[in-house]
Amino acid sequence: MQNIKSLVGVLKPGADQLIKDHIYIKLDEIPHNEQITKQFKSLYAESFLGSQYDWLGRYVESIGLNDLELCIHKDDKAEAFVRNDVLKVVDGNDQYYKLSPTPKKEALLLFKNYHFPLLQMTKVEMGEIAKANNFAHIMEQTWFCHTPTVDNKPCGLCNPCKYTREEGLGRRVPRPPLRKYLYLEIRQLLSRIKKLLLNKKPR
């Protein structure tokens, strides 16, 4: 992130100062919230949804934040949940989408505290805009992999790596060796089975 901030400053002097300092939060310090976790599990039971939507939802609720920009984009897994339950907001030169106050499913209130500025844009379209405005080299510094290799390269196997390929940016994701691919696929399958069994365990 510091590298991105520096490149922004080179591209437009002073603009890097608009990027605020990092805030580091430990996952195990985020308060539990049964309602939000229940909403997450309800949506997860319908289709895959990253676990970050549970802990991030609990965090923003715990600090009273209700306008966090979340870059869900077109063809994103989460976009499929909210696309039919959002309202477009125009605020001066800014515009974004926000969850309807009365979504069709109560579980969608998981997304109530966010703004979605990129909801109608694909990753490929973002890349085209970046190239046209001379900041494509900065976008190349963004990160998505959950389990990078020892030499700090995308693993090519985690869900974000898979989705990055599916969304048209396969050039940024190397193809993993077959042996490693099979090993991690089996590990992820066992992890999913464990989660399902824990969710079904009587409380």
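Which residue forms a salt bridge with Lys104? In this predicted model, the partner of Lys104 is Asp85, and the closest N and O atoms are 3.8 Å apart. Lys104 belongs to the loop between strand 3 and strand 4, whereas Asp85 sits in the loop between helix 4 and strand 2 (86-91), so the pair ties together parts that are 19 residues apart in sequence.

**Overall architecture**

The secondary structure consists of 8 helices and 4 strands, which follow one another from the N terminus in the order α-α-α-β-α-β-β-β-α-α-α-α. Along the principal axes, the C-alpha atoms fill a box of roughly 55 × 50 × 30 Å. The protein has 203 residues, of which 32% count as buried. Its accessible surface comes to about 14100 Å², and carbon and sulfur atoms contribute 55% of that area. Among contacts with a separation of 6 or more, 52% involve residues 24 or more positions apart.

**Nonpolar cores**

The largest nonpolar core contains 22 residues, and those with the most contacts inside it are Leu43, Leu49, Tyr53, Ile72, Leu110, Phe111 and Phe116. Two or more residues of this core come from each of helix 2 (34-46), helix 3, helix 4 (79-82), strand 3 (94-99) and strand 4 (114-116). Apart from this core lies another, of 8 residues, among them Phe144, Cys145, Val173 and Leu184.

Tyr53 is placed in helix 3 (residues 52-62) and is buried, with a relative accessible area of 9%. Beyond its neighbours up to four places away in sequence, Tyr53 touches Phe40, Leu70, Ile72, Asp76, Ala78, Leu110 and Phe111. Tyr53 and Phe40 are 13 residues apart in sequence, with their C-alpha atoms 7.0 Å apart in space. Leu49, again leaving aside neighbours within four places, is in contact with residues including Phe40, Ala78, Leu110 and Phe111.

**Salt bridges**

The whole structure holds 10 salt bridges. Three of them are listed below.

| Pair | Closest N and O atoms |
|---|---|
| Arg58 and Asp54 | 3.2 Å |
| Lys104 and Asp85 | 3.8 Å |
| Lys112 and Glu61 | 3.9 Å |

Arg58 and Asp54 both lie in helix 3, 4 residues apart, about one turn of the helix. An α-helix has 3.6 residues a turn, so residues three or four places apart point the same way. Both Arg58 and Asp54 are buried.

The pair of Lys112 and Glu61 connects the loop between strand 3 and strand 4, where Lys112 lies, with helix 3, which holds Glu61; the bridge therefore ties together parts that are 51 residues apart in sequence. Lys112 counts as partly exposed at 39% relative accessibility, and Glu61 also counts as partly exposed, at 32%.

In helix 1 (residues 2-11), the buried residues are Ile4, Lys5 and Gly9. They cover an arc of only 140 degrees around the axis, and therefore lie on the same side of helix 1. These buried residues pack against helix 6 (136-139).

A nonpolar patch on the surface is formed by Ile186, Leu189, Leu190, Ile193 and Leu197, which together have about 490 Å² of accessible area. Leu190 lies in helix 8 (residues 178-200) and is exposed, with a relative accessible area of 53%.

Note on methods: Residues numbered from 1 in each chain as written. Predicted model: local features only at pLDDT ≥ 70, side-chain atom pairs only at ≥ 80, totals over all residues. Heavy atoms only, no water. Patch = residues over 30% accessible without salt bridge, like charges linked within 9 Å, V, L, I, M, F, W, Y side chains within 5 Å. Areas by Shrake-Rupley, 256 points an atom, 1.4 Å probe, with all protein chains shown as cover. Salt bridge = Lys/Arg side-chain N within 4 Å of Asp/Glu carboxyl O. Buried < 20%, exposed > 50% of the residue type's maximum accessible area, 1.4 Å probe, protein only. Contact = heavy atoms within 4.5 Å. Arc of directions from axis to C-beta. Core = buried A, V, L, I, M, F, W, Y, C linked by side-chain atoms within 4.5 Å.
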